[in-house]
Amino acid sequence: NLGGWARGSVWARLSFRLLQQAWDAADLQRLGDMMTDDMLANIQAQLAERGDQPNRTDVVTLQATLLGVEDLGGQFLASVEFSGMIREEVSAGASPFREIWNLTKARDGASGWLLAGVQALQ
């Protein structure tokens, strides 16, 4: 389980920020530690498209809402809705965002929660 949603919500928001920092830095090692192999392959392709351009994302506000957890036998699947305001360019104002993150965790505890997919809602 998420260990109680109050604690889970703090973990989810921290994970969002850590993943965003790793994305901005194009840190494949850190990204790989926090996501599934399939998701990492997707992110590597996006980083290749981005090239050497620096990226900086300021997370101005962030909310996390647990939408549900499913027991898939050998693993758990959690869906978390993130929303808030982010700024991706220093000279720009903050923009609203809303995403659903799907996270998986092995039932045997062999790994922590790993990002398996992201769906942008706006």
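A salt bridge here is a side-chain nitrogen of Lys or Arg within 4 Å of a carboxyl oxygen of Asp or Glu. By that rule D71 and R107 form a salt bridge, because their closest N and O atoms are 2.0 Å apart. Please keep in mind that this is a predicted model. A search of the whole structure finds 5 salt bridges, and three of these pairs are described below.

Let us start with D71 and R107. This pair links distant parts of the chain: D71 sits in strand β1 (residues 58-71), while R107 belongs to the loop between β3 (95-106) and β4 (114-120), 36 residues apart. D71 counts as partly exposed at 45% relative accessibility, and R107 is also partly exposed, at 43%.

Next come E81 and R98, a salt bridge whose closest N and O atoms are 2.9 Å apart. E81 lies in strand β2 (residues 75-87) and R98 in strand β3, so this bridge ties together parts that are 17 residues apart in sequence. With a relative accessible area of 17%, E81 is buried because the cut-off for that class is under 20%.

Within it, the side chains of D58 and R56 meet at 3.2 Å, N to O. D58 is partly exposed, with a relative accessible area of 23%.

| Salt bridge | N to O distance |
|---|---|
| D58 and R56 | 3.2 Å |
| D71 and R107 | 2.0 Å |
| E81 and R98 | 2.9 Å |

Definitions and conventions
Residues are numbered from 1 along each chain as its sequence is written. This is a predicted model: local features need pLDDT of at least 70, side-chain atom pairs count only at pLDDT 80 or more; totals for chains, interfaces and linings use all residues. Side-chain values use heavy atoms; hydrogens and water are left out. Buried means under 20% relative accessible area, exposed over 50%, partly exposed in between (1.4 Å probe, protein chains only). Helices (H or I, at least four residues) and strands (E, at least two) are DSSP runs, numbered from the N terminus.
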